[in-house]
Amino acid sequence: MSYLAALLSCALSAGAPPLGPPRPELLARASADETVFYFGIGSNMLRSKLENRGLNGSTISLLSMRPALVRGQRLAFNMRGFPPLEPGMGALEPAPDAVCHGALCEMRRDEYEKVWLSEGGGQPNPGYEEVVVEACPYGETGGVVVEAIALRARTHARLATDACPSQRYLSILIKGATELGVQSDYVARLRALPTQRVGWFVHLLSVHHLFLVTLLFKLKCQPLVKMISKALWMAYVPTSQASQARRFVGGAATGVLLMPSALLGALVRLVYYKAAGRPTPPMMRALMERNQQTDSTDAP
């Protein structure tokens, strides 16, 4: 399971009763070995990412993967994430005049279940819901349409307005779309999207904050994590905000909020991981390495 997806799903489910959305009939009527289609629009456009995101290090086997588009839907970054590093994750959102491009993935029904679980589907109150869309594969003539499962942010996890994706996350989308052969103008629009930028100090605090968050989840203290997350969202200001003063104040407030948990997280990293010889989760190692595009002159 994706490290951040796991943390996010647990946070959204904190203290929640089993309120999982109903599964689409398309899935309910399919046996484990029947073929289903999934329309990936976020990091799952990158084949290597999708194939290696099964639970407990398991892989996801695909029968085929090709570019396709869905009309009347857009790529939204309104799935609540972890500010300031990963504020918004990708989700499908209805938009009458929009067209969303992505990966039409063919797989067995039981393989798709791994995808759903990797996106938090096993949690009592998952952040995503499954919707059925009509995907049009590239290169097909005669208006061929394929019914596919796609993911939309549920109400409790859906941001009122899109957040800025992180540079790390958007780079995965661009790489996936490019390798997949998505139309060049759509890839260009992805490249033009504003990304969330944080200064080196807030970045450092954020990463160590996540070390503490990981431990709190292990100790089943999700309500505390949810409370901290709520405060961080109150301080969050997107990089796309025109006012430099607001960006600065938001960054400063975020730094103040992160300081206590980051100090505790640094202790967790030293004692729980380094001293005990436990391996640092790959995602945490990746976050420790600052994106090359991040400038130390960014707002704090």
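pLDDT is the predictor's confidence in each residue, from 0 to 100. The legends below describe a predicted model.

**Figure 1. Confidence along the predicted chain.** The protein has a mean pLDDT of 88, and 90% of its residues reach 70 or more. Residues 291-300 have a pLDDT below 50. Beyond near neighbours in sequence, this stretch has 21 contacts in the model. Where pLDDT is low, the predicted coordinates should not be read in detail.

**Figure 2. The nonpolar cores.** The largest nonpolar core has 49 residues. Phe39, Leu75, Cys105, Met107 and Tyr112 are the residues with the most contacts inside this core. Strand 3 (residues 86-108) supplies the largest share, 8 residues. A second, separate core has 22 residues, among them Leu85, Leu232, Leu258 and Leu287. In soluble globular proteins, nonpolar side chains tend to be buried together. Leaving aside residues up to four places away in sequence, Cys105 touches Val36, Phe37, Tyr38, Leu50, Leu62, Ser64 and Met65.

Figure 3. Met45 sits in the loop between strand 1 (35-40) and helix 3 (47-51). Met45 counts as buried because its relative accessibility is 2%, under the 20% limit. Its contacts, not counting residues up to four places away in sequence, are Gly40, Met65, His101, Gly102, Ala103, Leu173, Gly176, Ala177 and Leu190. One of these, Ala103, is 58 residues from Met45 in sequence, with a C-alpha to C-alpha separation of 5.3 Å.

Figure 4. Helix 4 covers residues 109-118, and its buried residues are Arg109, Glu111, Tyr112, Val115, Trp116 and Ser118. Arg109 has a relative accessible area of 14% and is therefore classed as buried. Arg109 forms a salt bridge with Glu113, with 2.6 Å between the closest N and O atoms. Both residues of this pair lie in helix 4, 4 residues apart, about one turn of the helix. An α-helix has 3.6 residues a turn, so residues three or four places apart point the same way. A network of salt bridges links Arg23, Arg109, Glu113 and Glu130. Gly120, which follows helix 4, has a positive phi, near 90 degrees.

**Figure 5. Two further salt bridges.** The structure holds 13 salt bridges, including the pairs Glu51 with Arg47 and Arg53 with Glu119. The N to O distance is 2.9 Å for Glu51 and Arg47, which both lie in helix 3, 4 residues apart. Glu51 is partly exposed at 24% relative accessible area, as is Arg47 at 34%. For Arg53 and Glu119 the N to O distance is 3.3 Å. This pair links distant parts of the chain, 66 residues apart. Arg53 is in the loop between helix 3 and strand 2 (64-82), and Glu119 is in the loop between helix 4 and strand 4 (128-137). Arg53 is buried at 7% relative accessible area, and Glu119 counts as buried at 11%. Side chains of opposite charge can pair when their charged atoms come close.

**Figure 6. A nonpolar patch on the surface.** Trp200, Phe201, Leu204, Met259 and Leu263 form this patch, with about 480 Å² of accessible area together. Helix 7 (200-218) and helix 9 (244-275) are the elements that give two or more residues to the patch. Helix 7 gives the most, with 3 residues. Phe201, in helix 7, has a relative accessible area of 36% and is therefore classed as partly exposed.

Notes: Residues are numbered from 1 along each chain as its sequence is written. This is a predicted model: local features need pLDDT of at least 70, side-chain atom pairs count only at pLDDT 80 or more; totals for chains, interfaces and linings use all residues. Side-chain values use heavy atoms; hydrogens and water are left out. Patches are made of residues with over 30% relative accessible area and no salt bridge: like charges are joined within 9 Å, nonpolar side chains (Val, Leu, Ile, Met, Phe, Trp, Tyr) within 5 Å. Accessible areas come from the Shrake-Rupley method with a 1.4 Å probe; for residues, only the protein chains shown count as cover. A salt bridge is a side-chain nitrogen of Lys or Arg within 4 Å of a carboxyl oxygen of Asp or Glu. Buried means under 20% relative accessible area, exposed over 50%, partly exposed in between (1.4 Å probe, protein chains only). Contact means heavy atoms within 4.5 Å. A nonpolar core is a set of buried Ala, Val, Leu, Ile, Met, Phe, Trp, Tyr and Cys residues joined through side-chain atoms within 4.5 Å.
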